[in-house]
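Subject: Structure for you to look at

Hi,

Here is the structure I promised to hand over. Please open it next to this email. My notes follow below it.

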Amino acid sequence: MAFSNLLVEDSGAIRRITLNRPDKLNALNHATLTELHAAFEAAGTDADIRVVVLTGAGPKAFVAGADIAEMSGLSPVQARDFSRHGQRLMSRIEQLGKPVLAMVNGFALGGGLELAMACHLRIAADTAKLGQPEVNLGLIPGFGGSQRLLRLVGRGAALELCLLGAPIDATRAAQLGLVTRVVPADQLETETQKLAEQLAAAAPQALRGVLDTVLTGGEAPLEAGLDYETQAFALAFSTEDMKEGTGAFLARRKPQFTGR
Ligand code: COA
């Protein structure tokens, strides 16, 4: 699949998707959103891919937001469609069924933070800046930011970030639980690779069960969420990987998960 605004590379079971508009700090225009959707669709349906790493090209930005130049001319109806287009992408990523790791290598602002929040884990360079600055443009988040930020960091910090519009640094983001891990910028690649390899070696159906129960079950009332967990727990007993994982523990050896 050929893309104009993305680079896609595989290394074993790890797929890396790089937003590639560095001259515009990887801003999300309509075409890039469409390409990302196709790239994630392909990653989701490729059984050989177990983990996706998402990052931005260039030294400055993960993604500096939705493309303001493109967005400024939208009618309200077009803005509704643009918001939906972005939200559908974020939901596609969140519902991929395999872990998606955002490697936040610089600015993650507006749509960039929304994109990072749709990923399951976020590893950030200590130089990264994250925020929802839409209010400074007379706007509000439109790709799910108001909802995912609220769920990740709670109402107080979500309101602080969205009302004040000021970016925060990676350390503060980690304190809020907005990023999973902060590493020195020159170690971002190696630390991300380590995490991705750990996930690629894990039992894919177990990872999927975790994603489903936390993301989908977590949106339901507690009793329904617990029931959802029980069904997913029972389903894990149908996998060869569950037999491999428990068997390897008892035999004191390292498990080899096949995804079956
Ligand atoms: N949409 C469109 N273009 C963007 C962009 C965005 N969200 N963010 C940056 N760019 C473009 C700039 O217009 C500039 O393009 P040009 O060289 O053709 O003029 C280029 O990317 C480099 O950005 P620049 O502003 O010169 O870099 P900087 O280092 O001075 O500042 C930021 C970096 C991130 C602070 C600044 O670009 C910024 O505030 N961006 C917008 C962030 C935002 O509000 N995002 C939410 C959008 S809803």
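I began with the residues around the ligand. By class, this shell has 10 nonpolar, one polar and five charged residues. Please keep in mind that the model is predicted.

The ligand

In total, 16 residues surround the ligand. Lys24, Lys60, Ala64, Ala66 and Ile68 are the closest. Two elements each supply at least two residues of the shell: helix 2 (68–71) and strand 6 (107–109).

As for cover, the ligand has 860 Å² of accessible area on its own, and the protein covers 59% of that.

Leu25 sits in the loop between strand 2 (14–19) and helix 1 (30–45). Asn26 is found in the loop between strand 2 and helix 1 as well. Leu25 is not a glycine, yet its phi is positive, near 50 degrees. Asn26 is not a glycine either, and its phi is positive at about 60 degrees.

Are these residues buried or partly exposed? Leu25 is partly exposed, with a relative accessible area of 23%. Asn26 is buried, and its relative accessible area is 1%.

Helix 10

Next, please go to helix 10, residues 240–250. Which of its residues are buried? They are Asp241, Glu244 and Ala248. These three cover an arc of only 55 degrees around the axis, so they lie on the same side of helix 10. In an α-helix there are 3.6 residues a turn, so residues three or four places apart point the same way.

What do the buried residues of helix 10 pack against? Their partner is helix 8 (204–215). The face turned away from the buried side carries the exposed residues Lys243, Phe249 and Leu250. Arg252 follows helix 10, and its phi is positive, near 55 degrees.

Best wishes

Technical notes:
Residues numbered from 1 in each chain as written. Predicted model: local features only at pLDDT ≥ 70, side-chain atom pairs only at ≥ 80, totals over all residues. Heavy atoms only, no water. Near = heavy atom within 4 Å. Areas by Shrake-Rupley, 256 points an atom, 1.4 Å probe, with all protein chains shown as cover. Helix = DSSP H or I, 4+ residues; strand = E, 2+ residues; numbered from the N terminus. Nonpolar A, V, L, I, M, F, W, Y, C, P; charged D, E, K, R; others polar. Buried < 20%, exposed > 50% of the residue type's maximum accessible area, 1.4 Å probe, protein only. Arc of directions from axis to C-beta. Contact = heavy atoms within 4.5 Å.
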